[in-house]
Amino acid sequence: MEEKILRKNKNGMAVMLGLILVYIASVAAIILGALTIDVNTDKSQAGIAVGVVILVIGIAYASFGWVFFLGLKVLKPQEALVLTLFGKYVGTLKEEGFYYVNPFCSAVNPAAGTKLNQSGDVSGESKVQISANGATTSTTVNKKVSLKIMTLNNSRQKINDCLGNPVEIGIAVMWRVTDTAKAVFNVDNYKEYLSLQCDSALRNIVRIYPYDVAENIDTTGDGVADEGSLRGSSEVVAERIRSEIQEKVAEAGLEILEARITYLAYAPEIAAVMLQRQQASAIIDARKMIVDGAVGMVEMALDRLSEKQVVDLDEERKAAMVSNLLVVLCGNRDAQPIVNSGSLY
């Protein structure tokens, strides 16, 4: 379906003024017809016939002239109206202004009543619905297609990463309609279609990455292990999600401007265990750093004592000194020194 933009129908103001003038003329015709009939009642039949014709024309237009007003359409900036005539696509009004189109044209928007968790829906017209029990309810029906940039916040999903760990993730997608004909006619409901494709693309991409950096994991598909992860490569993951969504919704006339990860966490059932794992990994890393530093300090102390010839230590005394220094430097608590006033032996 190819989009056709209607540009020659922006004459709504002139048509409206003309219709109002014709309405005034029809009222005058009713009065004139009544007067003509009254004047020629006792005179000529031709005069009466003329009066009847004028009266009928005036009454007919006064009764059915409102139909022509249905062709008046007003569009604000970043709005569009897809028009069909007896089932055939006529064209799209896409620029702001006051238009007049065929009054029998109808606006089409299959996503009119769909309200997702998003911003930027165009406000529509009020429609009254009658339920089965006879109660009347007023709902808002939107026949205009919004061309604004909108943000779709899909609900959080629980997905297994490439290691099988369940994670909860949510995304925000910035999108807009670029081809109104494709959006209206190529898919049943372009808003629901977009939401479904966002869920599908999110699942496909998340299953490629681990939550944290893991060994021997290839996230790029080139056969080489890398350090990609959901937590550390959020920008890359978001771009891959955007590209996959765009590929899926191109036929619906939608453009995906940006996708962002708004929420990322382990699923509640494994969150506590993963927290303990992260804490243990952090403790091990910290201990390694402390031990490396302590060994370096012991080596430096022994070298300085030997270089300055402060004391001549044999191997047993060196071992005792190394043990004491490592205990002091690697302990979790402050050391309690013991002063030895006698010999070491």
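The legends below describe close-up views of a predicted model. Residues are numbered from 1 along each chain as its sequence is written, and side-chain values use heavy atoms, with hydrogens and water left out. Because the model is predicted, local features need pLDDT of at least 70 and side-chain atom pairs count only at pLDDT 80 or more, whereas totals for chains, interfaces and linings use all residues.

**View 1. A nonpolar surface patch includes Ile24.** Ile24 belongs to helix H1, residues 12–39 (helices are DSSP runs of H or I with at least four residues, and strands are E runs with at least two). With a relative accessible area of 52%, Ile24 is exposed (exposed means over 50%, buried under 20% and partly exposed in between, with a 1.4 Å probe and protein chains only).

**View 2. Asn109 makes a polar contact with the backbone of Lys144.** Asn109 is found in the loop that runs between strand E5 (106–107) and strand E6 (125–130), and at 5% relative accessibility it counts as buried. Its side chain reaches the backbone oxygen of Lys144 at 3.2 Å (a polar contact is a pair of N or O atoms within 3.5 Å, one able to donate a hydrogen and the other to accept it).

**View 3. Tyr89 and Phe185 form one of three aromatic pairs in the structure.** The ring centres of Tyr89 and Phe185 are 5.3 Å apart and their planes lie at 65°, so the pair is edge-to-face (rings pair if their centres lie within 6.5 Å, and planes over 60 degrees apart count as edge-to-face). This pair links distant parts of the chain, with Tyr89 in strand E3 (residues 88–93) and Phe185 in helix H4 (residues 180–185), 96 residues apart. Tyr89 is buried at a relative accessible area of 9%, whereas Phe185, at 31%, is partly exposed.

**View 4. Trp175 and Tyr190 form an edge-to-face pair.** Their ring centres are 6.3 Å apart, with the planes at 65°. Trp175 lies in strand E11 (residues 166–177) and Tyr190 in helix H5 (residues 190–206), 15 residues apart. Trp175 is buried with a relative accessible area of 0%, and Tyr190 is buried with 2%.

**View 5. The charged end of Arg156 sits over the ring of Tyr263.** This charged end is 3.6 Å from the ring centre of Tyr263 (for Arg, CZ must be within 6 Å of the ring centre and within 35 degrees of the ring normal).

Terms used
Patch = residues over 30% accessible without salt bridge, like charges linked within 9 Å, V, L, I, M, F, W, Y side chains within 5 Å. Areas by Shrake-Rupley, 256 points an atom, 1.4 Å probe, with all protein chains shown as cover. Salt bridge = Lys/Arg side-chain N within 4 Å of Asp/Glu carboxyl O. Phe/Tyr/Trp six-rings, centres within 6.5 Å; stacked < 30°, edge-to-face > 60°.
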